[in-house]
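Here's a quick briefing to read alongside the coordinates.

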Amino acid sequence: MNDLLYVNGGNPLNGTITVRGAKNFVSKSMVASLLGETPSVLRNVPQIRDVKVVSGLLDLHGVNVKYDTDAGILDLDPSNVESAHVADIDAHAGSSRIPILFCGPLLHRLGEAFIPDLGGCRIGDRPIDYHLDILRQFGAVVDKRPNGIHLRAPRRLHGAKISLPYPSVGATEQTLLTAVRADGITELSGAAIEPEIMDLIAVLQKMGAIISVDTDRVIRIEGVDRLEGYTHTALNDRIETASWAAAALATGGDITVKGATQPEMMTFLNTFRKVGGRFEVQDDGIRFWHAGGDLKSIVLETDVHPGFMTDWQQPLVVALTQATGLSIVHETVYENRFGFTDALRKMGATIQVYKECLGGRDCRFGQRNFHHSAVVSGPTPLTAADIEVPDLRGGFSHLIAALAAKGRSTVRGIGLIDRGYENFQDKLEALGAEVVRG
Ligand code: EPZ
């Protein structure tokens, strides 16, 4: 497939598209199938590259994966789980961060696991120190070698009292996927409580796990000896939903996102309205549109749930280039998530990035030399440009900018967007965009 998209921008996007299961839930729930003694069925699975990558990794470990792409149904049969060859796993190095979440289930089933060099978006250092600490606390032996990290469970992993220094999504999932089969009780404090994590807990409960979510980010898990397979319908993708909403705002359009659900979108909807966007919650989706007139500048801070998601930040910043006045955006989840603004500046946006914590409280990146605050001054018309996709969400933001800009833009490295946006070219065309793969 060609990795380049020509975009003839400057026209509003209007119409209806559908979102399916959340990328950041589906991949984790696929890993959870490894914990079951019987097959699992996952519904509402989008056709995105991350699903292919995780299917490949499961296949290497002996899980029989069948994917009906049109129906969006994955059948996962873990009856013959086995150790994969290190070289085979290594072939997947750099393509995803999911291998780190295989560790708990593999340690339970096989007593060993291997993590290659991890991939995922380059939006900061993205260390795995929390993950390794957690696995050690469960009793795993972690051995860092030049080709990757080897882990062993000399005996059955045991429950632990774990406290996270930051409510990391991945570290919370690591704890859940390991604790459910560990011996005894695990108490996790400082946990992330994103909707995708709640849906993973629902899956694990269906499998036979005993998990309670207490107040103040505390999750308690009672380990059990055996888990069964599950049947589950994935919650829909709230990041994709917000991305299309931002596209409606930036292009002056009107987009109905079928499958979008209000509870997971509440924080985004508040911000969308403050900027001047309008929305209507319908029975089977949400309609987002530009109400006409000026968009308003805002002060925005990203945060863990229930705050404003970091993954919503990049698409919304494109819309903020069209708002009147100064918007301040403080990114507190990742230290390096404003790289995508270089391309926006090239297209005529006025955006300055700062090392200081602007617009609100101090975060853990203040005084640490990271450009993690941005001031966007608008409105500035955007002009077509030749741009290169930097990461998944930054890439979609580039696409939005190209759609908003008058003239023909060339967006390179478009394949990265396939990682998390299902059939995005078809959806763009359905919304009236003029796009051609080069
Ligand atoms: C998940 O990443 C998502 N990825 C990200 O989505 C999302 O941005 C992020 O959660 C926050 O919502 C997947 O679900 C596959 P974290 P994850 O652990 O779990 C630091 C997208 O575009 N940290 O919550 O890797 C870390 O550096 C992607 O869909 C450590 O310091 O995120 C970051 O600053 C991008 N040590 C913060 O915690 C660790 O061991 C939050 O990261 C782990 C994390």
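Searching the whole structure turns up nine aromatic pairs. Keep in mind that this is a predicted model. Below are two of those pairs, then the charges over rings, the cores and the domain interface.

**Aromatic pairs**

- Phe268 and Phe288 have ring centres 6.4 Å apart and planes at 75°, so they count as edge-to-face, the cut-off being over 60 degrees.
- This pair ties together distant parts of the chain: Phe268 belongs to helix α9 (residues 262–275) and Phe288 to strand β16 (residues 285–290), 20 residues apart.
- Buried or exposed? Phe268 and Phe288 are both buried.
- Ring pairs also join Phe268 and Phe288 with Phe272, Phe308 and Trp312 in a cluster.
- Phe365 and Phe370 make another edge-to-face pair, at 5.9 Å between centres and 85° between planes.
- Phe365 has a relative accessible area of 4%, so with the cut-off at under 20% it's buried.
- Phe370 comes in at 23%, which makes it partly exposed, because that value falls between the 20% and 50% limits.

**Charges over rings**

- Arg364 puts its charged end over the ring of Tyr166, 3.6 Å from the ring centre.
- Tyr6 has Arg408 over its face, at 4.1 Å from the ring centre.

**Nonpolar cores**

- In soluble globular proteins, nonpolar side chains tend to be buried together.
- The largest nonpolar core here has 70 residues, and the members touching the most others are Phe25, Leu42, Phe102, Leu151, Leu176, Leu204 and Ile211.
- Helix α7 (residues 195–207) gives this core its largest share, six residues.
- What does Leu204 contact, leaving aside neighbours within four places in sequence? The list is Ala32, Leu35, Leu176, Leu177, Val180, Ala209 and Ile211.
- A separate core of 68 residues lies apart from that one, and includes Ala246, Leu269, Val318 and Leu431.

**Domains and their interface**

- The protein splits into domain 1 (4–19 + 236–437) and domain 2 (23–233).
- Their C-alpha centres are 30 Å apart.
- Across the boundary, 25 residues of domain 1 are in contact with 23 residues of domain 2.
- Together the two domains bury about 2100 Å² between them, with 47% of it on carbon and sulfur atoms.

How values were computed:
Residues numbered from 1 in each chain as written. Predicted model: local features only at pLDDT ≥ 70, side-chain atom pairs only at ≥ 80, totals over all residues. Heavy atoms only, no water. Core = buried A, V, L, I, M, F, W, Y, C linked by side-chain atoms within 4.5 Å. Buried < 20%, exposed > 50% of the residue type's maximum accessible area, 1.4 Å probe, protein only. Helix = DSSP H or I, 4+ residues; strand = E, 2+ residues; numbered from the N terminus. Contact = heavy atoms within 4.5 Å. Phe/Tyr/Trp six-rings, centres within 6.5 Å; stacked < 30°, edge-to-face > 60°. Lys NZ or Arg CZ within 6 Å of the ring centre and 35° of its normal. Domains from an automatic or database assignment. Buried area = accessible area lost by both parts, 1.4 Å probe.
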